[in-house]
Amino acid sequence: MKTKHNITASFNREFRDWRLWATRAIVVAAACVAGLTVVAFTWLGEEALGLFMDVVRLYPWATLVWTPLCAAAIVWVTRRYFAAAAGSGIPQVMATLDPAASAPAQGRLVSFKLSVAKVALTTWGLLAGLSLGREGPSVQVAAGIMLTARRWLPERTAVTAHGLLVAGGAAGIAAAFNTPLAGIMFAIEELSRTPEQRSSGLLMSAIVLAGLMAVSVYGNATYFGIIHASGIDLSLLLPGLLVAVISGGLGGLFSRLLQASLSGNGRDFMSRLRGARPVLFAAVCGLLVAVIGFVSGGATFGSGYSHTRDMVAGQETLPALFLLLKFVATWLTTWSGVPAGIFAPSLAIGAAIGNDIALLLHSPNATALIALGMVGFLAAATQAPLTSFIIVMEMVDGHSMVLSLMACAMVARTVSRVISAPLYSVLAQQQLSNATASVAAVQ
């Protein structure tokens with residue numbers, strides 16, 4: 001039996017209910033604040049890394065002291081005051097979305113205080129020259145701001161904490177990469193588990209609005225520049241497949257290495273040192289990152305943003321071992337325990353894979369192979385192929401590479417799944433276990 005649609009009742013529900021309008025206003029305001037916060041985070045990070053590179057150019061040896069001291073200090077502050085700020089930030093948000101996560105556990109993983117700390121500590125890491133990105137941390141930052149807005153929502157609102165966390169986490173990606181579509185896909189692929197029909201439109205609007213905050217400040221420019229790929233034909237098939245398989249294998253290895261390192265179950269000397277003396281361990285990791293940066297002429301310091309952008313533009317000549325050195329520097333930075341994301345470093349590593357294969361095969365399609373390497377390694381490391389595909393797709397001038405990028409992302413993810421479990425899912429379970437244990441210890 002069909003139910004007759006009552007237009008008057010629907011109009012009253014949508015336009016005359018003050019609670020609905022209050023909810024909309026609060027969510028929209030929170031999305032604007034989240035987007036602008038990520039934009040400010042972006043500026044702070046770039047300024048911090050720029051200042052570090054200026055000092056390194058004048059005093060190259062200074063980093064051998066500065067970077068390990070900063071790494072140790074960041075880990076000490078993090079462990080003492082903001083334990084849940086360590087690492088990427090994406091696993092923390094995923095852990096709060098787990099049905100087993102209690103409200104107190106959620107508060108220990110995502111909050112306004114942690115958002116402020118995440119911005120400060122990640123920026124400090126870039127000021128130290130550590131190999132990290134701010135995109136993963138932006139997810140936790142924006143989610144904390146959106147979740148904070150819940151206290152002002154009217155009673156019996158359709159917007160839940162789950163919805164705000166999904167919207168906030170996705171808004172962080174949207175604003176960090178200046179790509180609202182990637183934020184929406186990230187919400188679908190990684191965060192959302194129970195779609196909420198009544199509020200999904202509002203939450204989707206919040207994600208887009210946060211992304212538009214970045215557009216309004218930086219313009220409609222892409223994060224890593226524009227990829228001008230031409231002459232895409234069947235000659236790209238074999239080199240492209242090689243890039244997809246190698247980036248998938250290395251991305252899976254990277255994911256497995258991070259999981260093994262961060263689990264705390266290792267019996268090697270470094271793992272035992274990390275468990276017994278975490279601050280000293282961070283200093284050792286910082287020193288190794290500094291040595292790698294010194295050997296590479298500064299190429300491995302920071303997120304890798306400028307080098308990736310120059311590679312995309314065909315203007316970069318990298319050290320022969322950049323791929324290996326950036327891989328190791330990013331692993332050591334993450335293992336050290338500082339707040340650090342892997343998105344931007346993963347794109348830099350992937351670009352290096354494509355660049356190296358283009359040089360090895362003397363391929364005329366170097367730019368296309370760089371794009372495929374970027375999407376392949378990111379998809380393999382995160383096992384989020386659709387999000388990875390959209391982030392890189394937004395950089396391509398024209399649609400000639402869309403299908404190639406999508407195919408590369410899926411092949412690389414498939415190879416990665418053979419080697420490693422999904423990185424963020426495993427780390428999210430660790431975060432949830434730690435938060436639950438911490439709540440139980442207090443009670």
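Helices (H or I, at least four residues) and strands (E, at least two) are taken here as DSSP runs, numbered from the N terminus. On that basis, the loop between α15 and α16 is the place of I342. The protein chain has 20 helices and zero strands. This is a predicted model, in which local features need pLDDT of at least 70 and side-chain atom pairs count only at pLDDT 80 or more, whereas totals for chains, interfaces and linings use all residues. Residues are numbered from 1 along each chain as its sequence is written, and side-chain values use heavy atoms, with hydrogens and water left out.

**Overall fold**

- Of the 443 residues of the protein chain, 56% count as buried, where buried means under 20% relative accessible area, exposed over 50%, and partly exposed in between (1.4 Å probe, protein chains only).
- Among contacts in the protein chain with a separation of 6 or more, 81% are accounted for by residues 24 or more positions apart; contact means heavy atoms within 4.5 Å.

**Largest pocket**

- The largest pocket holds about 1,000 Å³ of space.
- A pocket is an open set of points on a 1 Å grid over the protein atoms alone, where a 1.4 Å probe fits, with protein on both sides within 12 Å along at least five of seven lines; lining residues have an atom within 4 Å of a point.
- Grid points are joined across faces, edges and corners, and the volume is the space filled by probe spheres set on the points.
- The lining of the largest pocket comprises 40 residues, and A83, A84, A86, Q431 and N434 lie nearest the centre.
- At least two lining residues each come from α3 (63-81), α5 (103-109), α6 (112-127), α11 (237-262), α12 (269-276), α13 (278-295), α15 (322-336) and α20 (423-442).
- Helix α20 supplies the largest share of this lining, with nine residues.
- The lining divides into 19 nonpolar, 17 polar and four charged residues; Ala, Val, Leu, Ile, Met, Phe, Trp, Tyr, Cys and Pro count as nonpolar, Asp, Glu, Lys and Arg as charged, and the others, Gly among them, as polar.

**Aromatic and charge–ring geometry**

- The whole structure contains 10 aromatic pairs, defined for rings of Phe, Tyr and Trp (its six-membered ring) whose centres lie within 6.5 Å, with planes under 30 degrees apart counted as stacked, over 60 as edge-to-face and the rest as tilted.
- One of these pairs is W76 with Y81, which is edge-to-face at 6.0 Å centre to centre, with 80° between the planes.
- Y81 also pairs with F82 in a tilted arrangement, at 6.3 Å centre to centre and 50° between the planes.
- W76, Y81 and F82 thus belong to one aromatic cluster, in which W76 is partly exposed at 42% relative accessible area and Y81 is partly exposed at 48%.
- R151 lies over the face of W152, at 5.6 Å from the ring centre; the criterion is that NZ of Lys or CZ of Arg is within 6 Å of the ring centre and within 35 degrees of the ring normal.

**Helix α18**

- Seven of the nine residues of α18 (residues 385-393) are buried, leaving the helix mostly covered.
- These buried residues are P385, T387, S388, F389, I390, I391 and V392.
- They pack against α8 (161-177), α9 (180-191), α16 (343-361), α17 (366-382) and α19 (402-419).

**Residues brought together across the sequence**

- I342 is buried, with a relative accessible area of 4%.
- Leaving aside neighbours within four places in sequence, I342 is in contact with F254, L258, T330, T334, L423 and Y424.
- I342 and P137 are 205 residues apart in sequence and 9.4 Å apart in space, C-alpha to C-alpha.
- R417, in helix α19, counts as exposed at 53% relative accessibility.
- R417 and G251 are separated by 166 residues in sequence and by 9.8 Å in space, C-alpha to C-alpha.
- W43 lies in helix α2 (residues 18-58) and is partly exposed, with a relative accessible area of 47%.
- W43 and T123 are 80 residues apart in sequence and 9.6 Å apart in space, C-alpha to C-alpha.

**Backbone with positive phi**

- Most residues other than glycine have a negative phi.
- H362 has a positive phi, near 55°; H362 lies in the loop between α16 and α17 and is exposed, with a relative accessible area of 70%.
- Q383 also has a positive phi, near 55°; Q383 lies in the loop between α17 and α18 and counts as buried at 10% relative accessibility.
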